[in-house]
Each structure stands twice: as structure tokens, then as C-alpha cells.
Amino acid sequence: MNREKRIEILKILQAVMPKVTTELEHKTPFELLVAVMLSAQATDKSVNEATRKIFPEANTPEEILKFGPERFLDCIKHVGLYKGKTKNVMKVCEILRDQYDSKVPEDIEALQKLPGVGKKTASVVMNVAFDAPFIGVDTHVFRVANRTGYAPGKTPLQVQIKMEKYTPAQYKPRAHQWFLRIGRYICKARIPECWRCPIERLCEYKEKVLVKPEPKKSKTAQLLEGEQKDLKNT
């Protein structure tokens, strides 16, 4: 894909989603960090349900530590991988309290040294909380970047490097969210809904689904149809 086509894609996405931001509910960089840590292999909806129980009472490292691992774990049981996430969040809270005056460091390398914080999590926090020019690559961004041809790569790191290289500075603050939303709601893993995608004509995916598939009929409906045909033939 050439530069002109990439720019056109970004312009369209900006026009369609001018004020897009993360769907993870948060008010501070620390709340965002915790929410993104919890979001690994989980939906934003399930994470928001958990943090609504936690943040009103505990939204600083000290308060989370007082909240305690048992109560925290109980609040995030439905999120998945809850034991490991609870352990990592508690460790992160201790480190932030002891080394960073309970503040989230505005440095991607420092963030990646925190337990349970990988490059994707660190990039999302830097981008959303601090407007830094990083593009986090989750499964949705990875899929859209590859399917469209915008930034193909075999690993999330390869895709991130290319996306940050190909995306002009003025678009970087929102690029992650634009690709994430397209991937989550339109360019779905099983059946991409190309027929309603705003960037379909620029997309280089070879297996586009340009016509909305007919909804599958239930077994009951199929049986009724068969019976009706039989009645007509009698």
C-alpha cells in the first residue's frame, strides 16, 4: 500500500470518528493503567463492570493496596485470568508507591518494566493518558492492519513498528482507536462486514464480504418450511 492510500484511509477514519477514545472507563492515568492491564483477553465491557466496583472506593496505588488482593480478585473474577492480573496489579501498586510517588511514569520503557505491562499496554497508556505518539497493537488492530495492507506484519511488534512509521504525527493520537473500532465492530475475525466499512474501497483484503449474508435459519424454521412444502405438494 502506498503513502497516498494510507493518508486517505486516515482522513476517512478521522472524519467518521473525530472524537474517538478508549471505551475503558477511567478518570486518571492510574485508572487507565489498571483498566488496560485487566483488558488482556477480556472485553472492555467486562473490565468496566469490574472497575465500577473498585474505582469509587480505590483509585490510587495506596487505596488499591488497602482494598486488598482478596476483594480485588473477587471484583474481577468474571474478567478472566483474574489471579494473575490481581497479583500483577498489587505488585504495580507497590512499585508506583515506592518508586514513583504513586504516579504513572510518562516513559514507555519504565512502564514496560512493570509486572504485567507489555508493549501494547504501555503504548495504549502512553497514547491515551499522555498523548504520546505510540500505537498499541491488540488483536483488532493487528487484524485490520494486515487485512487492509496498511501495515502488514507477522507479529504485533512488526505491525506496531510499521504503523508508527507510516502514520503521520497528526493522526497518531487516534490511529490505535480508529483501527481498534473498525476491527471490533466491522472487520470482525470470522466474517468481516465489508459491505458497511468506510474504508472498503481502499482496503486490499482479497476475501472481502461485500454482500451482507442472509441470516441462518434455525432448525425449527427449517422444519416448518419443510412441512409447508410438503403440505403444498399433497
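Predicted model: local features only at pLDDT ≥ 70, side-chain atom pairs only at ≥ 80, totals over all residues.
Close-up 1. Is S102 buried or exposed? With 18% relative accessibility, S102 counts as buried, because that class takes in values under 20%.

**Close-up 2. The chain as a whole, the setting for the other views, has twelve helices and zero strands.** Read along the sequence, the pattern is accordingly α-α-α-α-α-α-α-α-α-α-α-α. The C-alpha trace spans about 80 × 45 × 30 Å along its principal axes, and of the 234 residues of the chain 44% count as buried. Among contacts between residues at least 6 apart in sequence, 58% join residues at least 24 apart.

**Close-up 3. M37 in helix α2 and the residues around it.** M37 is found in α2, which comprises residues 29–38, and at 7% relative accessibility M37 counts as buried. When residues up to four places away in sequence are not counted, M37 touches K85, N88, V89 and V92, and it also touches P115, G116, V117 and T121. The C-alpha atoms of M37 and T86 are separated by 9.7 Å, although these two residues are 49 residues apart along the chain.

**Close-up 4. Helix α10 (residues 156–166) and its buried face.** The buried residues of α10 are V159, Q160, M163 and E164. Seen down the axis of α10, these buried residues fall within an arc of 125°, so they line one face of the helix. In general, an α-helix has 3.6 residues a turn, so residues three or four places apart point the same way. What covers the buried residues of α10 includes α8 (119–130), α9 (139–148) and α11 (172–185), whereas the face turned away from the buried side carries the exposed residues I161 and K165.

**Close-up 5. N127 in helix α8.** N127 has 3% relative accessibility and therefore counts as buried. Leaving aside neighbours within four places in sequence, N127 is in contact with A132 and F134, and also with K172 and P173.

**Close-up 6. The crossing of α1 (residues 3–16) and α11.** Two packed helices are described by the angle between their axes and the distance between the axes. For α1 and α11, the axes come within 10 Å and cross at roughly 80°, and the two helices are therefore roughly perpendicular to each other. Which residues meet where these helices pack? On the side of α1 they are L10, L13 and Q14, and on the side of α11 they are W178, F179 and I182.

**Close-up 7. The crossing of α9 and α11.** Here the axes come within 8 Å and cross at roughly 85°, so that α9 and α11 are roughly perpendicular to each other. The contact is made by H140, V141, R143, V144 and A145 of α9, together with H176, F179, L180, I182, G183 and R184 of α11.

**Close-up 8. The aromatic pair of Y171 and W178.** A search of the whole structure finds two aromatic pairs. In the pair shown here, the rings of Y171 and W178 have their centres 6.3 Å apart and their planes at 55°, so the pair is tilted. Both partners are buried, Y171 as well as W178.

**Close-up 9. R6 and the rings of Y150 and Y166.** The charged end of R6 sits over the ring of Y166, at 3.7 Å from the centre of that ring. The charged end of R6 also sits over the ring of Y150, in this case 5.8 Å from the ring centre.

How values were computed. Residues numbered from 1 in each chain as written. Heavy atoms only, no water. Phe/Tyr/Trp six-rings, centres within 6.5 Å; stacked < 30°, edge-to-face > 60°. Buried < 20%, exposed > 50% of the residue type's maximum accessible area, 1.4 Å probe, protein only. Lys NZ or Arg CZ within 6 Å of the ring centre and 35° of its normal. Helix = DSSP H or I, 4+ residues; strand = E, 2+ residues; numbered from the N terminus. Arc of directions from axis to C-beta. Contact = heavy atoms within 4.5 Å. Axes fitted to C-alpha atoms, helices over the stretch in contact; angles between N-to-C directions. Parallel < 35°, antiparallel > 145°, perpendicular 65-115°, else oblique.
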